[in-house]
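Grab a viewer and work through these exercises with the model open. Each task comes with a step-by-step solution.

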Amino acid sequence: MAAVDGIPAQIENAKLTNLTNSTNSVGKHDKQNNLNGLDDDAVGTLDSSEPEEVVAILPNGITPGQKGPEVLILPADDPATPGNTVHPSYPASNLELPDHHIDEVRSLRVAVIGAGLSGILAGILLPAKVPNIQLTILEKNTDVSGTWLENIYPGVRCDIPAHVYQSTFSPNTQWSQQFAEGHEIRDYWQAQARKYDVYKYVKFARKVKDIAWDDQNAEWTITGTDLSKEEQPFEEKADFVLTAIGRFNDWRLPNYPGVSEFQGHLRHASNWDKNFDPTGKSVAIIGNGASGIQLVPNLQRVAKHIDHYARNKTWIAASWAGDERTFEPQWYSEEQKKALLDPDEYLKFRKELEAKYWRRFASTFRGAPENEAMRQRFIEIMTERVSRKPELIKTLVPDFNPNCRRLTPGPGYLEAITADNVSFIQDRIRRFTKTGIETVTGEHREVDAIICATGAAIDFITPFSIRAHGKNLQDVWRPRPAEELAKNPDYHGWPYTYLGLAVPNFPNLLLIHGPHGAGPSGTVPHSVEVQLTYFAKLLRKVSSQGIKTVSPSKKAADDFVAYADAFFPKTVLTDNCSSWANGGSPGQRIHGIWPGSAGHVTLVRKEPRWEDWEYEYWHDSGNRFAGWFGNGWTKREREEDSDIVPYLRREGEVDLKSLHEEWWSWP
Ligand SMILES: Cc1cc2nc3c(=O)[nH]c(=O)nc-3n(C[C@H](O)[C@H](O)[C@H](O)COP(=O)(O)OP(=O)(O)OC[C@H]3O[C@@H](n4cnc5c(N)ncnc54)[C@H](O)[C@@H]3O)c2cc1C
Ligand SMILES: NC(=O)c1ccc[n+]([C@@H]2O[C@H](COP(=O)([O-])OP(=O)(O)OC[C@H]3O[C@@H](n4cnc5c(N)ncnc54)[C@H](OP(=O)(O)O)[C@@H]3O)[C@@H](O)[C@H]2O)c1
């Protein structure tokens, strides 16, 4: 027979004696807690003033002997209460119920890795949505803002309007220009971190190198280097790890022979040296992704000469959603900014602008008229913009459809590559030399500086090991030859996930804005907010329902992959192009984007499908309810001052759609 505090869990026909000696300490009784509507005088508490010999009638399912539940105590010889003991034939239970109120939730230690806009939004939303959370954000830099802190190359700016690239709940109405420069975006996100007190959660200069799961204690051990302390190691423990490390943070120099021999100035675009002045210099810019396309027109205006190496073709779009782009800043006038101070005016303006970014999904589909129209429009625009060197157009127009790669508006780019001081080079690079770059044609060109706008590791392999159940997620996801993958079913060779949120067999690990993070339409901040809201629901469930571990089932992940495999071929994403959606490998499974629209992914992530997740419980019995239901009480109903009827509101204030659905409100 199970026992709690030395008292039998199952009362069989027993009279409880000497209850005063137990550790029970229960709240003052009051009419509100009166059980079964019996006379108040019949309700008592387990304290020393009670008679020695009493019989207890307990609310259903409550183990006597535990502190907490208020019990109804009647004189043992009360003739009016026959049968006030558990019936002898009542089913016996061996279940030992933990003594806690159902609304006393476990305090989860949650570690977020990364403090870009995803980590900042985590620092804002998770404490608001997950009661009792102990949040730590580990960031390798010395401030928050990620992309916008690190990227300071000339011309860095967002290429969707700044009014769209911000949180949904705390907008800046006063952006200085339509497509804000990097520093203004950095300032915005740092201001959000200050406004919502996110800095208090962040441990800076912590570069994570490994996270390892311990099944015994059901916790992650996070280790890495504390860059502020002469590279001392650090260690953190957490019940959950959420990665928010960005997609383009792990920038890479190309690995051509001779890279280390070049004696001029060599930098990656994302590692721009603010002391480097390109004025009057010969500069090579490698890469025609979004960074290269921004850099070329900016450096072309000041450099003596630019060698622009663009080994593949790319579409130059006019804009993302019809907003006209110019190379020069598109400032908001003081008058416009003043008008936007009016909350109604601003909301109207913002809704109209943002809606355009949700409606561009149709052009993603193969053969869609919208895609064909886009192609025609881009060819016209590109032809017009290279009119100074019309022969260039045939070397520029890609043989894949627009939207296969992320679109790049590139204001000023085509004009720049037709300028006299720019050489547009599509030959492949063979090697770097001490003084410049040699292509496979044997041509060698000397330069003072080489800027590699060659992008980042886009295979989603984390820059730290993630080890659980004898596997390292880096190994599981790393691209490998087909024969190797066929030999080991544990290897997937690409970022295999459940809805881009988590990975089977890697418990208590959640991915923010990782693989399949966002739809091809919509906005990044909105998508991150929705994903965090999903995770908040999951964390609330875990902390309140006695759950030890949670991970998605393999069957659910397989079904998701099968859906994506059927969906993506309908889109131009599976054309023959290299993009971060396919990890830079044409023909590889699309994993950088959600298989559906932004509205679609929002709906999918609105309510978790709990049946797709697998759970382990803290309660020794493995019983799913024991650790959750606790002693049968809510704490709130035992607090005299709490609003025990929060569902009662003034007539007319009740929204029937949300009635009884607010997770934070209960009796
Ligand atoms: C130059 C540039 C311009 C862009 N422009 C746009 C745009 O106009 N519109 C748009 O929608 N998107 C744009 N993007 C994409 C942009 O990255 C995302 O929109 C967004 O910033 C992602 O935020 P994040 O927090 O997920 O990642 P990030 O901003 O990359 O932040 C990741 C954070 O994780 C930290 N981190 C990484 N590894 C570790 C580790 N091992 N240990 C500790 N900390 C770590 C990093 O230091 C960083 O602070 C742009 C990207 C770049 C590079
Ligand atoms: N707001 C903006 O305007 C803006 C600015 C910058 C970045 N971004 C975001 O960040 C993402 C990354 O942009 P990014 O420009 O840094 O990277 P990217 O889009 O991945 O482009 C990298 C470029 O470098 C080339 N490249 C890579 N390795 C090379 C090598 N060894 N030799 C020659 N060329 C090489 C690639 O060519 P191949 O295509 O042939 O591989 C590609 O042209 C973008 O897609 C966008 O989401 C946005």
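The protein chain has 15 helices and 25 strands, taken as DSSP runs (H or I, at least four residues, for helices; E, at least two, for strands) and numbered from the N terminus. This is a predicted model, where local features need pLDDT of at least 70 and side-chain atom pairs count only at pLDDT 80 or more, while totals for chains, interfaces and linings use all residues. Residues are numbered from 1 along each chain as its sequence is written, with chains lettered from A and ligands numbered from 1 in the order in which they are written.

**Exercise 1.** Describe the shell around ligand 1.

*Solution.* Start by collecting residues whose C-beta atom, placed from the backbone, lies within 6 Å of the ligand. That gives 32 residues, with G114, G116, G146, C158 and G246 the closest. Next, sort them: 15 are nonpolar, 12 polar and 5 charged. Here Ala, Val, Leu, Ile, Met, Phe, Trp, Tyr, Cys and Pro count as nonpolar, Asp, Glu, Lys and Arg as charged, and the others, Gly among them, as polar. Finally, check the elements: α1 (117-129) and β9 (206-214) each supply at least two shell residues.

**Exercise 2.** Which residues have the most contacts inside the largest nonpolar core?

*Solution.* A core joins buried Ala, Val, Leu, Ile, Met, Phe, Trp, Tyr and Cys residues through C-beta atoms within 7 Å; buried takes 20 or more other C-beta atoms within 10 Å of a residue's own. The largest core has 95 residues, and V110, A122, V241 and L242 top its contacts. α1 gives the most to this core, with 7 residues.

Terms used: A residue is buried if 20 or more other C-beta atoms lie within 10 Å of its own, exposed if 12 or fewer, and partly exposed in between; C-beta atoms are placed from the backbone.
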